[in-house]
Amino acid sequence: MKLIIPALVCLLLAGMWLQDVDTKSMHVPSSNCCYRTVKRKISPKKIRCYKHISSTCSHENHLILKLTGGLEACVFQKDSWVQAYLKRINPCLGKEM
């Protein structure tokens, strides 16, 4: 019984360490999926560029807007204000993504 508790603690710590190592090695600077969609209109002055979400994401017809200050916002591509902005905003290129 006394040996079980230290063994469980070691397994727990090893699992936490492996998870931490895995997340650092698989770190992607920005996600290519949308989890929350912004419903309100965003000022065009704050938008730097846009990118399409990954085809593996569950939400379709969404875009990721890259904003000033390094922020991102997910928007529904078919919203009228988004459609109007797409005519004036360029897609994100290599460094901006």
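I began with Lys66: at 9% relative accessibility, Lys66 counts as buried. I note that this is a predicted model.

**Entry: partners of Lys66**

I looked up which residue pairs with Lys66. Lys66 forms a salt bridge with Glu72, and their closest N and O atoms are 2.9 Å apart. Glu72 itself is partly exposed, at 32% relative accessible area.

**Entry: the other bridge**

I counted 2 salt bridges in the structure. Glu72 also bridges to Lys51, with the closest N and O atoms 3.9 Å apart. Glu72 sits in strand S3 and Lys51 in strand S1, so this pair ties together parts 21 residues apart in sequence. Lys51 counts as buried, at 4% relative accessibility.

**Entry: the nonpolar core**

Next I turned to the nonpolar side chains. The largest nonpolar core holds 13 residues. Ile42, Ile47, Leu65, Val75 and Trp81 have the most contacts inside this core. I checked which elements supply at least two residues each: they are strands S1 (47–52), S2 (62–67) and S3 (72–76), and helix H2 (80–86). H2 gives the most, with 4 residues.

**Entry: around Leu65**

I left aside the neighbours of Leu65 within four places in sequence. Leu65 is then in contact with Ile42, Ile47, Cys49, Tyr50, Leu71, Glu72, Ala73, Val75 and Trp81. Glu72, on this list, is also the residue that bridges to Lys66 and to Lys51.

**Entry: another core**

Conventions. Residues numbered from 1 in each chain as written. Predicted model: local features only at pLDDT ≥ 70, side-chain atom pairs only at ≥ 80, totals over all residues. Heavy atoms only, no water. Core = buried A, V, L, I, M, F, W, Y, C linked by side-chain atoms within 4.5 Å. Buried < 20%, exposed > 50% of the residue type's maximum accessible area, 1.4 Å probe, protein only. Contact = heavy atoms within 4.5 Å. Salt bridge = Lys/Arg side-chain N within 4 Å of Asp/Glu carboxyl O.
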